[in-house]
Structures are given as structure tokens and as C-alpha cells.
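The sequence and the model are shown first.

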Amino acid sequence: GHYISVDTSYEGEKAVLSSPDLYSEEWSCVRLIYQIATISDTSPDPARLNLYLRQEGESFDRLLWSAKEPSDSWLIASLDLMNSTKKYKLVLEGEMGQDKSTSIAVFEIKITPGYCIECDFEENHLCGYANRWNPNVNWFVGGGNIRNSQSILPKDHTLNSALGHYMYVDSVYVKHFQEVAQLISPKTMAPISGCLSFYYQLKQESSIVFTVYLRDASGFYEEIWKTDSALSADWALAEVDFNAPYPMEVIFEVAFNSAKGGYVALDDISFSPVYCSNQTGTPFNPANAGCNFEEDLCNFYQDHKDGPGWSRVKVKRNVYRAGDHTTGFGYYLLANTKFTSQPGYIGRLYGPTLPGNLQFCLRFYYALYGFFKMSGTLAVYIFEENHVVQEKIWSVLDSPKGVWTQAEISFKKPMPCKVVFVSWCKSFWDCGLVALDDVSLSLGSCQAADLLLPSPGECTFEKDECVFTQKKRGRGSWHRNRGPTPTSYTGPKGDHTTGVGYYMYIEASNMVYGQRAYLVSRSLRGISGKQCLTFFYHMYGAGTGLLSVYLKKEGDEEEIPLWRRTGEQSISWLRGVIEYESDTNYQIIFEAIRGVSIRSDTAIDDILFQAGPCLEVEEIQFSSGYPDSLNEIEY
């Protein structure tokens, strides 16, 4: 047969293969048979094969899958494509990296309706199911007139004939007590829940244990089904409720006790998005367990017998005290405000009830002011409702003062539970201020979430400059930096993404008054309708100049001004929101102009492009000078 491979004669370029327009009104599965072959073992910049989804009406491609592991045989990748009314293209991209001996090849791409975990085992790729090799007992393909086993079945289930195929495990080679054979499904790549069904036959002389497990990314097994009947001479249907909110593998495991154990056969694994049992529970929505405190406390609450521990406060823009994390001028929670200056206090903030037996990732931002001793000033507990057990899962160790710092905690509890934020100090002299904002909860562990593919159109500058490049030509330049900037009384103390990550800024001491620095996006696909650009900017310093955002359409010389700020704005990261339209390809340009003194380090971070109108729009797109209330602080 034929395959397609990347031409290696071009250096550093990407090879791009794009599909015709595709439609999938129903859920489908993309199967890709590929190989990355290389001679050298380790390369600092390995070759990669990426698969993108290019949806109509989106300026950015969504990365569905990426591989860089070399192999000496063909591998199969299975990716679930959720149903959508929009047409789309699949785009394959080969990146050669530094290694000249590598080749990237694709043998087959197949899009079939249905879910990737479904399989009838009629095709030789076995839908990406794999046997975990064991010296003695393994899953084999049976049927298709192959008479190669003592306990072969007369017919498969799919075609109900001797020509059809199925999977089976035979005990004839068992050497040791309790040896297991495992058949592992492809990983679910999109959240699914419903009914998993399959047909099986079981013939046993002595006890066989046939079990189905779910295994998550961290290797945790959960049993979802086990055979109860001793014998089924014909194909029996098994149905089991199945919930995979984050990537999981389904594992079919057979354990024998002796070589006369008999056999197990399996066929026609299928999935339906409706639960088999008539359970109609609404699935848990993690968005309801987070809060940015802009409107109220959302689903969080306090216990009144503790007294007023946490207060919802807002700081007007000023150059002394940082505002909230969400926008820089919104609300956040503060423990121990001036109203509670008793010697020692405790503030507990309870979150909503979370279901048990799910893996969660909790993220929030905190900032500390005025403590002599940092440790223990803020802690997070898990409170199990039926036992009055509180388990401490996180506490502050040490962090830069007055910087919004992100904390991430993964947890999984068997019973329903609540997250509780606790701030306390023993004596009045130790008490500073603890601030909390932007609490969010997602399904799956935080480590798995970090490995997840970045959302398209987002740039946090943590790894690189994403879609942006410098336009230098005798101008000043933007620098990628972490921590504070070198000059005091100007620039941020930390980035907006995590507090300890990277941002882009202009270093005023390397530039002259009025000098400009440009950060230009690559050409972005034009789409019809409104689009929304959100970003965070930091303009603190008595000599701060200008920050402007321009739209440049392809073929036009003119740069259309979209947004501008002049002069010192705040000691906080502030959120900028711009709504714009462009149906032709375009670029977005961030331009910073150095002000009158070296105290004009201007910074930007967390840029996000989204299709569709902005949910909130700023009243003023172009403003200059100080707000009148610049230095008022109010709670």
C-alpha cells in the first residue's frame, strides 16, 4: 500500500496537509495510522506530528492531538470528534525539528461515525484496542476461519458467521496462579457519559474472573463491571453505566486460576450517550463551584458563628494597593479587614458540595500583605459531610508579598465533600491581610490539565511568544520576563497568569523618550461577525508613556487604532477588552511608547482571542491621564 511522508529537504519549515471540507452532524472518530521513525535516540528538538481542527468561523485552529515519540512500527491514534453543525477541516502538520534522520509518515486517516471506544473487531486496526503483552495469557483475534485454538467459537457476534472476528483469551497457556490478560481501549479524548455495552461468552472449568475497569491518566483503576454468572454458552449482553469526564481507558481483564480454566470471548463493544439504568441525574457542572466574586459570593458561604471572617471588597485604581485579580478594578475577598482587629481571628469560607469519586483540580489566586510570618496564614481543607473530618490539603508556605499567586491542588474523595478556605492568626501582632480571588474547579487532575492542549487563541507567554513576533527595525523591543522588572517603582512584581510566570514588557532604561516597541501577531484568519480580544496590561510608574492596540487588515497600509491608554494607570494588572471585526485576514499590533522617565516599564500578559461579541465591553477605549480617584482606597 501507499503512505504519505514529510519531505525533509526543507529546513525548519512545517509540512501541512489539509482535508477537504467535512461535516459531522453526529459524533465521529478519527483514526490515524502513523509512524515517526528516527535513528538517533535523543534529540533536543524532536520531530512532531500535529493534528488540528479548523472550524468555520474560528480564527484559530484547535490542536486535537500531538505526537513526538519515535517508533519502529505503525501506531494508531484514535480521537473523538464531537458533533457540530459547522463545517470543518482536519489539518495534519509535520514539524521536522533539528534531527535530519527522522521521517514522519501517515498510512491512513479514517473518519467513522460513532465513538472511538466502540469496536466490532472486523478491521485489522482493531479500533486502536491493544493487548498488554504477557508471556503466557493474551487477548487474540479469533474467527475469520482461523482454526488455531482449542476453544475457538463457531461464530462471531457481529456477522454471526465463521468469517466474523472477535477477541478471545484462552487459559491453555496459563503457567501461574492468577495471571491476567488485559485488553486496553483507546483513551477517551472528549468528555462522555452514558451506557457502555458489549457481548461476551464465557466457558469455564474452574473460576475465571472477567472484570472491566476504568483507568484515568494518573493510573487509578476503578472497577465498573464483573461477571456474576458461571456460564454463558451463547453471546451474552453486558451493559454498564460509564462516566468519563476526563481522559480514561477502558480495560477488559481476564484472570485464570489454572490451565484448564476455559476461555472468554468479547465482541461488539458499543456506546450510547444515554445511561443504561434509568438514572436521570444532571451531570455535575464544575463552573458552579467557582467564583470571581464580582457580583456576590456565588455558591460560597460563611458560618456566622465565626464572625465576619471574609469580606467582599473593592479597591479603586491606585498606585499603592493592588486591586482584584479578575479585572484589576473589581471585587475580591479579604480576611481580617479593619473591622475585625480582635487579637486573633478565624475566617472560614465554605464552597458548594462536590460529588464523591471524581478527580478534581482546584485553582485559586491569593495575595498576602503585612505578615511577619507567612506560613499557615491561609489553608485549604476538605470537609467530608457525613464524617466531621477535615483534612488539610494545602497551606501557604512563602510567597512574594502583595502579588496575586496561583495555587493548584488535585484531590479525589470517595464521599461528597466541600472545599473550605481558612484564614487565621493567633495574635494581633501576626495579623496581616489575606486576599482571595478567582476560585475555579475543573474535572481531572491539575497535572493532566497542564498536559492538555492549550486553548486556541490564548497566549500566557509561559513557554514562548505564541503567535506574536517583534517588529524591530531600530525600535525598542519587548522582553519576556518573570518576577519584578529591574527599575524600582515601575513595572509589575510578577505576571498575571500565576504570579511566578512570564509576561512581556518594555524596559524603559534601554529606550529613549518617545521610542516605540511593536509586538505584532502573525496573520490571523478573518471571519464574519464580531470578535473579542481580552488582555491584561500593567502601567505603573510616574513616567509611564502610551500603550496602544491596532488592527491591520491584509492589503491595507493603514493601522486602525482600537484601544489606547496614556500615563500611569494602577499598580495592578488591569483587564483590557476590545471588540472588533475583520472579514479579511488581519494582524493585531501592541505598541508601547516609552514615557518621560525610566519609570515607564509597560507590561502585557494573558492575551485571549475569542470569536463572537464581548460579554462585557469597556466604556472608554481611549483614555489619558490619571483617573481623578487614583489614590483613594476604599473597602
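A disulfide is here a pair of cysteine sulfur atoms within 2.5 Å. The model is a predicted one, in which local features need pLDDT of at least 70 and side-chain atom pairs count only at pLDDT 80 or more, while totals for chains, interfaces and linings use all residues. Residues are numbered from 1 along each chain as its sequence is written, and side-chain values use heavy atoms, with hydrogens and water left out.

## Overall fold

The protein chain contains one helix and 40 strands. These elements are DSSP runs numbered from the N terminus, with helices being H or I of at least four residues and strands being E of at least two. Contacts are defined by heavy atoms within 4.5 Å. Among contacts between residues at least 6 apart in sequence, 80% join residues at least 24 apart.

Burial is assigned by relative accessible area: under 20% is buried, over 50% is exposed, and values in between are partly exposed (1.4 Å probe, protein chains only). By that division, 51% of the 635 residues of the protein chain count as buried. Accessible areas come from the Shrake-Rupley method with a 1.4 Å probe, and for residues only the protein chains shown count as cover. The protein chain exposes about 30000 Å², of which carbon and sulfur atoms supply 52%.

## Disulfide links

How many disulfides does the distance rule give? The count comes to seven. One of these disulfides joins C29 to C116, with an S to S distance of 2.1 Å. The link of C29 and C116 is right-handed, with 105° about the S-S bond. C29 lies in strand β3 (residues 28–37) and C116 in the loop between β8 (103–113) and β9 (130–132), so the pair ties together parts that are 87 residues apart in sequence. Both cysteines, C29 and C116, are buried.

C119 is joined to C127 by a disulfide with an S to S distance of 2.0 Å. This link of C119 and C127 is right-handed, with 75° about the S-S bond. C119 and C127 are both buried.

A further disulfide is formed by C532 and C614, whose sulfur atoms are 2.1 Å apart. The link of C532 and C614 is likewise right-handed, at 110° about the S-S bond. This pair links distant parts of the chain: C532 is in strand β34 (residues 527–539) and C614 in the loop between β39 (602–611) and β40 (622–623), 82 residues apart. C532 is buried, its relative accessible area being 5%, and C614 is buried at 10%.

## Another buried cysteine

C417 has a relative accessibility of 2% and therefore counts as buried.

## Surface features

Which residues make a nonpolar surface patch of about 330 Å²? The patch is made by Y3, W74 and F107. Patches consist of residues with over 30% relative accessible area and no salt bridge, with like charges joined within 9 Å and nonpolar side chains (Val, Leu, Ile, Met, Phe, Trp, Tyr) within 5 Å. A salt bridge is a side-chain nitrogen of Lys or Arg within 4 Å of a carboxyl oxygen of Asp or Glu. W74 is located in the loop between β5 (62–67) and β6 (75–81), and W74 counts as partly exposed at 36% relative accessibility.

L163 is placed in the loop between β10 (139–143) and β11 (165–170). At 54% relative accessibility, L163 counts as exposed. L163 and E122 are separated by 41 residues in sequence, and by 9.4 Å in space from C-alpha to C-alpha.
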